Amino acid sequence: MDARIGVRNTKSILFKSLIIFLAFVVTLPLIIVLLYIIKQGVMQVNWHFLTHVPAPEGEKGGGIANALVGSILIVGMSSIVAIPVGILAGIYLSENPGSKLAYYSGLCVDILQGVPSIVMGIVVYFWIVKPFGFSAISGSIALAIMMLPIVIRSTEQTLLLLPPSLKEAALSLGVPYHRVILKVIVPCGFAGILSGIILSIARIIGETAPLLFTALGSNYLTTNVTGAMESLPHLIFTYATSPYDDQHDLAWGASFILLMFVLILNIVTKLITRKWKIQL
Amino acid sequence: MMKNKRLDLSYSQMKWETVFRRLLMVMGAIIVLLVIGVLITLIVESWPSIKALGIGYLWGKVWDPVSNVYGAYPFLLGTLLTSFTALIISIPFSYAISIYLGEYNPKGWLSDLLKNTIELIAAVPSIIYGFWALFVLVPVVRQLETKIHVAPYGVGVFTASLVLAVMIIPYAAALGTSLIRMVPSPLKEGAYALGATRFEVIRSVILPYTRSGLFAGILLSLGRALGETMAVTVLIGNTSAISGSFKEIFFGPGNTMASVIANEFAEADHTLYLSALIELGLVLFFVTVVINLIGKRIITRYTNN
């Protein structure tokens, strides 16, 4: 009898060790990738790197100013489209939980969340690129569609958690519906909505596939949003697969910058959610 | 006089109220229209290929745009092979994380640290994984391939699966963690009271209780793996011809549905070629949508009970 308990206890301890081992081993690849990118990238980054466009193939030097400006513009334009639409759709979903349209709308948010990014790239190609040509705008629209589900879901989840008494109190004072939503409900859920927005930006800033056939990429520093434009992830993709070492160096530097953007955005989200104790 | 003014004000407010309600509804409808638009676009644009190649397209073994022969089999095989290999590699890890964060160590700084780190795995852009693996993992795999006597390409199905496995762990792990935390403690306490060890509680109470939810998590991971594009495109070697034994296919270069679209869409110069590629996108869309919806359905049913 005693021996059996011993065996069972040993089994339990062995299992626990195995679980702990497996759970922590997963962090290794991430740490290795992060350290490698930092090691390769940090040497590339200097003022020249940030303010110059890539040197012609086979030449040393140059920077990634075109991709940096492009990424910021493209992501900025996506945000302008996706944030208002996402917040309003999120409000709609949280305000009308029983309606038929809200059901299908919620279903479609789930579908959008699962659509592979490359498919989104093809679709936007036919919607915008085919009639109007390659442009930063088309890339922004593809990314905006990818942002939407995250903004909508975080808005919806945040608002659903607010106590109904808030809304009831405002309504009983005779405040019209739209002012209740915009002046009471949304400000109360502001932190949750904000963290959803930041998270969605962090998610799309590294998206490459939707930009392949939309914003395309360009070697010039341009702010013309109706023309092709470079972006950080696209530059990394093109230069990573090129045969020139100098271009690899540019890609390492760009990876480092992109990684820093993503890390900072994620940390900011974490700080916001921790400060306001939100569950996303 | 005063009263009338107030009345006017409240009328205009009521008008705004209606406008606002309409606006919300329009936004809700836009999402539905977006999805319908995506579906219609994919079907319309792939129609030439659906009409010309029929259903046989899906298991046609040869993809040769130069002689206008299109078969999706190499890409279906590549996608299934990479996704399921990645899934099989990732399952023990995502289960371990779920059990550790859900049961052994649900609170405290170590648990938070691990949770945030796992979330970070999903945050790193896939192109960065691809780029890193191309320069670090590929040489390692090449050495391994020399040792086991297959052609040492370095890039290929196996390499792509390895990277994919790491990338999809967070999706199943996050869901699993929260589901395991939701197991009612009376159930666990009952088992402990009967003298069960921790391992026995996990095996006979927690895992059976969360089985369908953990399965849903795996489906979500699978959905990610099927559609993942950039890391795979960089690593899989881009060959549309498949031949040889399973071992040769598994370690050799291949192509997935997503990677062939990424590689050939821009150079598709005639209608049938282009629409054959879009049909791949359509298949990918359907498969990922179905997998995701089943996953979500299981989760909703699970959390409602």
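Guide: Two residues are in contact if their C-beta atoms, placed from the backbone, lie within 7 Å. Keep that in mind for this predicted model.

Visitor: What share of the contacts in chain B with a separation of 6 or more joins residues 24 or more positions apart?

Guide: Here it is 76%.

Visitor: Next, secondary structure. How many helices and strands does chain B have?

Guide: Count the elements, then read their order. Chain B has 11 helices and zero strands. Along the sequence the pattern is α-α-α-α-α-α-α-α-α-α-α.

Visitor: And overall shape? What radius of gyration does chain B have?

Guide: Compare the value with that of a compact globule. For 305 residues, such a globule would have a radius of gyration near 19 Å. Chain B has 25 Å. The C-alpha trace of chain B spans about 90 × 65 × 35 Å along its principal axes. Of the 305 residues, 46% count as buried.

Visitor: Where do I look for the core? Which residues have the most contacts inside the largest nonpolar core?

Guide: Look for the residues with the most contacts inside it. This core has 176 residues. Those with the most contacts are A:I236, A:A254, B:V163, B:L164, B:A231, B:L235 and B:I261. Helix α5 of chain B, residues 157-181, gives the largest share, 18 residues.

Visitor: Take one of them. Which residues does B:A231 touch?

Guide: Set aside residues up to four places away in sequence. B:A231 then touches B:S126, B:I127, B:Y129, B:G130, B:A133, B:V163, B:L164 and B:M167.

Visitor: Now the interface. How many residues of chain B are in contact with chain A?

Guide: Count each side, then ask which element supplies it and what classes it holds. In this model 67 residues of chain B are in contact with 66 residues of chain A. Helix α1 of chain B, residues 2-53, brings the largest share of the chain B side, 20 residues. By class, that side has 50 nonpolar, 12 polar and five charged residues.

Visitor: Last, domains. Into which domains is chain A divided?

Guide: Domain 1 covers 2-42 and domain 2 covers 47-275. The centres of these two domains of chain A, taken over C-alpha atoms, are 34 Å apart. Five residues of domain 1 of chain A are in contact with five residues of domain 2 of chain A. The domain 1 side has three nonpolar, two polar and no charged residues.

Notes. Residues are numbered from 1 along each chain as its sequence is written. Chains are lettered from A and ligands numbered from 1 in the order in which they are written. This is a predicted model: local features need pLDDT of at least 70, side-chain atom pairs count only at pLDDT 80 or more; totals for chains, interfaces and linings use all residues. A nonpolar core is a set of buried Ala, Val, Leu, Ile, Met, Phe, Trp, Tyr and Cys residues joined through C-beta atoms within 7 Å. A residue is buried if 20 or more other C-beta atoms lie within 10 Å of its own, exposed if 12 or fewer, and partly exposed in between; C-beta atoms are placed from the backbone. Helices (H or I, at least four residues) and strands (E, at least two) are DSSP runs, numbered from the N terminus. Domain bounds come from an automatic or database domain assignment. Ala, Val, Leu, Ile, Met, Phe, Trp, Tyr, Cys and Pro count as nonpolar, Asp, Glu, Lys and Arg as charged, and the others, Gly among them, as polar. The radius of gyration is taken over C-alpha atoms; the globule rule is 2.2 Å times the number of residues to the power 0.38.
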